[in-house]
Amino acid sequence: MKYAVVTGASKGLGASIAERILQEQFGLISVSRTDNITLKQLAEDNGLFYQHVSCDLTNRSETEQAFSSIAETIFSSTENEVLLVNNAGVVEPIDRAGNLDHEAIEIALQLNLAAPMFTTNLFLQKANGSKLTVVNITSGAAERPVHGWSVYCSTKAALNMFTKTVAVEQNHLGNATVIGYSPGIMDTDMQGVIRSSKEHAFQEVNKFIAYKENGMLRSTKLVADALIDLLRTDEVESGKIYSVNNLLK
Ligand SMILES: NC(=O)c1ccc[n+]([C@@H]2O[C@H](COP(=O)([O-])OP(=O)(O)OC[C@H]3O[C@@H](n4cnc5c(N)ncnc54)[C@H](OP(=O)(O)O)[C@@H]3O)[C@@H](O)[C@H]2O)c1
């Protein structure tokens with residue numbers, strides 16, 4: 001059986017990835033703090049496996065418990081094929097270093113970086129010969145310093161390096177494929193958070209307001225489709241950080 005585990009599928013990009021994955025006849029396990037009734041209904045209508053696991057991914061023991069239990073289901077047979085999409089993320093704290101809130105830093109480190117490390121580590125431990133593909137959702141901010149985003153840029157840069165390093169290890173073992181996916185700018189709640197920043201905290205705020213006003217934010221469906229179309233080919237290169245901008249060219 002084919003299973004996909006998607007974090008942050010309750011809305012935004014994660015919801016669109018999950019929806020497309022159901023169309024590809026994968027069973028779906030969605031992990032976030034709130035459920036997505038549309039996905040549940042879609043799975044039910046198509047007779048597909050669906051489970052929502054309520055989990056705060058900033059909490060290590062909750063995350064470990066949730067993913068150990070998920071692993072028991074999805075790695076029950078070596079015939080199973082598993083796709084893990086580490087998508088949940090936060091852009092906050094948005095401010096200059098010197099004004100950053102430490103609790104917000106900790107949350108970003110946990111959600112954007114530690115959680116994908118935990119989930120990848122656990123699944124590699126339990127994969128038991130099953131085909132495993134891990135997609136870490138990153139950002140162009142991983143490669144470009146953005147005023148006010150020192151924490152976000154750092155977490156995504158570290159996530160890219162984690163992706164590349166695990167791929168080197170797995171290339172050696174030949175078991176799992178691990179890639180990054182940079183989704184570009186999309187019309188989600190996260191962009192709303194970005195636009196609500198003060199200019200002293202985020203110098204580029206007016207540029208991001210203009211992206212929205214000029215219809216330059218992509219739909220999450222377009223971005224999700226580009227990812228799944230890539231995964232359907234036999235040309236996925238483990239360790240590569242793919243960008244939607246190149247895939248849609
Ligand atoms: N939007 C953009 O323009 C953009 C650009 C580049 C990269 N990205 C990346 O794309 C990914 C998705 O972003 P998005 O724009 O779709 O974000 P979004 O609309 O804000 O959705 C974030 C998702 O993460 C989940 N989440 C947040 N905190 C969580 C927690 N503590 N525990 C579990 N789940 C949590 C949320 O679910 P619950 O609230 O239900 O828990 C939600 O499903 C992120 O990794 C982001 O960094 C986005």
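User: In this predicted model, how close do the axes of helix α3 and helix α4 come, and at roughly what angle do they cross?

Analyst: A pair of helices may be read by the approach of the axes, the angle and the residues that meet. In this predicted model, the axes of helix α3 (residues 60–74) and helix α4 (residues 102–126) come within 10 Å, with a crossing angle of roughly 35 degrees. The crossing of α3 past α4 is right-handed.

User: Which residues make the contact of α3 with α4?

Analyst: From α3 come R60, T63, E64, F67, S68, I70, A71 and I74, and from α4 come F118, T119, L122, F123 and K126. Sorted by class, the contact of α3 with α4 comprises seven nonpolar, three polar and three charged residues.

User: Are α1 and α2 roughly parallel or roughly antiparallel to each other?

Analyst: The angle between the axes is the value to consult. The axes of α1 and helix α2 (residues 37–45) cross at roughly 0 degrees and come within 10 Å. Angles under 35 degrees count as roughly parallel, and α1 and α2 are therefore roughly parallel to each other. In this pair, A15, A18, E19 and L22 of α1 meet L39, L42 and A43 of α2. The classes in the contact of α1 with α2 are six nonpolar, no polar and one charged.

User: At roughly what angle do the axes of α1 and α8 cross?

Analyst: Helix α1 (residues 12–23) and helix α8 (residues 220–232) have axes that cross at roughly 50 degrees and come within 8 Å. That angle makes α1 oblique to α8. The crossing of α1 past α8 is right-handed. On the α1 side, the residues are G12, L13, S16, I17, R20 and I21; they meet T220, K221, V223, A224, D225, L227, I228, D229 and R232 in α8. This contact of α1 with α8 divides into seven nonpolar, three polar and five charged residues.

User: How far does a polar side-chain atom of T34 lie from an oxygen atom of the ligand?

Analyst: The distance from a polar side-chain atom of T34 to a ligand oxygen atom is 2.4 Å. For T188, an N or O atom in the side chain is 2.5 Å from an oxygen atom of the ligand. K156 likewise has a polar side-chain atom 3.0 Å from an oxygen atom of the ligand.

Notes: Residues numbered from 1 in each chain as written. Predicted model: local features only at pLDDT ≥ 70, side-chain atom pairs only at ≥ 80, totals over all residues. Heavy atoms only, no water. Axes fitted to C-alpha atoms, helices over the stretch in contact; angles between N-to-C directions. Helix = DSSP H or I, 4+ residues; strand = E, 2+ residues; numbered from the N terminus. Parallel < 35°, antiparallel > 145°, perpendicular 65-115°, else oblique. Left-handed = near helix turned anticlockwise from the far one by under 90°. Contact = heavy atoms within 4.5 Å. Nonpolar A, V, L, I, M, F, W, Y, C, P; charged D, E, K, R; others polar. Polar contact = N/O pair within 3.5 Å; in protein donor to acceptor, adjacent residues only side chain to side chain.
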